[in-house]
Amino acid sequence: MSEPRTVVIAAFPGVELLEVTGPAEVFSVASRLAGPAAPGYRVEVAAPAAGPLVTAAGVRLVADRALAEVGPGVDTLLVAGAMAQDGGRLRAVVPPELVGWVAGAAPQVRRLGGVCAGVHVLAAAGLLAGRPATTHWLTAGQLAAEHPEVAVDADPIFIRSGRIWTCAGVTAALDLALALVAEDLGARIALETARAMVMYVKRPGGQRQFSVPLSVQDGADDRVDELCRWLVENLQRPVPLEEMAGRAHLSVRHFGRVFRARTGRTPAGYLEELRVEAARRLLEDGSRTLPEVAAVCGLGTVETLHRAFRRRTGTTPAEYRRRFRPHPDAR
């Protein structure tokens with residue numbers, strides 16, 4: 001029997017439950033499917049103190065050991081994360097004691113991963129400088145602002161940069177774990193694990209398809225905020241750039257700069273995201289045909305809908321409808 005790989009999942013009080021239990025379940029299922037002849041996984045949860053640990057869900061986990069007790073021989077270290085309200089916005093929680101421990105432990109492990117807001121801990125530990133990284137779309141702006149040395153990409157489900165992996169929000173922890181299984185045990189075991197857990201071995205599209213494109217960066221500009229609200233209510237009709245600038249009482253050139261600084265997007269790109277988001281919700285409902293969806297969302301034709309939808313979500317309207325509407329008979 002081969003010795004299992006030791007996976008340590010670093011947690012702390014208030015951690016997101018699924019970011020700990022999700023990867024643990026993937027590794028457990030993969031170990032059982034691989035059988036005794038293949039090296040499976042031994043998963044341990046480590047926290048600032050051993051023992052009961054209350055998660056963000058209110059469910060208690062039991063940390064196997066304190067962070068200080070984690071010794072050599074760790075194959076993979078995953079850092080789970082958490083978010084907390086701060087001034088009406090959700091922001092990543094970055095415990096200083098965890099940052100220091102991760103910085104010291106990182107050189108001793110073969111592979112390192114940040115899960116959702118846990119990516120912020122890796123960045124604070126100086127492990128992502130000069131690397132591409134992703135995190136939950138809600139905190140990607142925070143990561144980019146606090147760590148300009150990190151090449152933040154808010155769309156991918158996960159990113160690998162050498163031995164360091166980062167992943168998006170919550171359930172993306174399962175996608176990351178499956179990718180690690182594929183690297184260790186091969187694509188067949190990863191596929192069997194995904195099937196056993198009734199999930200995609202590699203889900204189509206990025207995390208943009210799950211986010212509402214109404215979040216904007218920190219700051220205040222009532223002109224842009226009011227325009228954004230107006231756009232949501234007027235998606236069905238054409239809205240040229242000149243009209244948007246006029247409603248914000250700015251010149252076209254100055255409006256483009258102000259809008260991008262406020263939202264992180266061009267006006268045209270933002271409007272397209274709003275329309276695709278509206279289309280996504282109509283597709284989930286399933287009561288309208290694709291030509292109707294295109295018209296209601298201001299995209300005009302099915303061809304335009306298809307191009308915009310694939311550009312923004314990485315999948316097609318028909319595929320999205322098959323996956324997310326309550327009934328499988330796509331129109």
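F255, F259 and Y270 form one aromatic cluster. The model is a predicted one. Across the whole structure, a search finds 21 salt bridges, and the count of aromatic pairs comes to five.

**Aromatic pairs**

- F27 and Y41 make a tilted aromatic pair, with 4.6 Å from centre to centre and 40 degrees between the planes.
- F27 belongs to helix 1 and Y41 to strand 2 (residues 41-47), so this pair ties together parts that are 14 residues apart in sequence.
- F27 counts as buried because its relative accessibility is 0%.
- Y41 is buried as well, with a relative accessible area of 10%, a value under the 20% cut-off.
- F309 and Y320 make an edge-to-face pair, at 5.5 Å centre to centre and with 70 degrees between the planes.
- This second pair links distant parts of the chain, since F309 sits in helix 12 (residues 302-313) and Y320 in helix 13 (residues 317-324), eleven residues apart.
- Both F309 and Y320 are buried.

**Helix 6**

- Helix 6 spans residues 187-196, and I189, A190, T193 and A194 are buried in it.
- These four residues lie on the same side of helix 6, because they cover an arc of only 135 degrees around the axis.
- Helix 1 (17-34) and helix 5 (172-185) are among the elements that cover the buried residues of helix 6.
- On the face turned away from the buried side, helix 6 carries the exposed residues A187, R188, R195 and A196.
- V198 follows helix 6 and has a positive phi, near 55 degrees.

**Salt bridges**

- Side chains of opposite charge can pair when their charged atoms come close.
- E25 forms a salt bridge with R32, and the closest N and O atoms of the two are 3.9 Å apart.
- That distance falls within the 4 Å limit for a salt bridge.
- E25 is partly exposed, at 39% relative accessible area, whereas R32 counts as exposed because its relative accessibility is 58%.
- D75 and R110 meet through their side chains in a salt bridge of 2.6 Å, N to O.
- D75 is buried, with a relative accessible area of 13%, while R110 is partly exposed at 41%.
- R111 and E183 also meet in a salt bridge through their side chains, at 2.5 Å from N to O.
- R111 lies in strand 9 and E183 in helix 5, so the bridge links distant parts of the chain, 72 residues apart.
- R111 counts as buried at 2% relative accessibility, and E183 is partly exposed with a relative accessible area of 31%.
- Through shared partners, salt bridges join R5, D75, R110, R111, R160, E183 and D184 into one network.

**Positive phi angles**

- Most residues other than glycine have a negative phi.
- C116, a residue other than glycine, has a positive phi near 55 degrees.
- C116 is found in the loop between strand 9 and helix 3 (118-124).
- C116 is buried, with a relative accessible area of 1%.
- H249 is a further residue other than glycine with a positive phi, here near 60 degrees.
- H249 is found in the loop between helix 8 (241-247) and helix 9 (252-263).
- H249 counts as exposed because its relative accessibility is 70%, and the cut-off for exposed is over 50%.

Methods:
Residues are numbered from 1 along each chain as its sequence is written. This is a predicted model: local features need pLDDT of at least 70, side-chain atom pairs count only at pLDDT 80 or more; totals for chains, interfaces and linings use all residues. Side-chain values use heavy atoms; hydrogens and water are left out. Buried means under 20% relative accessible area, exposed over 50%, partly exposed in between (1.4 Å probe, protein chains only). Helices (H or I, at least four residues) and strands (E, at least two) are DSSP runs, numbered from the N terminus. The arc is that of the directions from the helix axis to the C-beta atoms. Contact means heavy atoms within 4.5 Å. Rings of Phe, Tyr and Trp (its six-membered ring) pair if their centres lie within 6.5 Å; planes under 30 degrees apart count as stacked, over 60 as edge-to-face and the rest as tilted.
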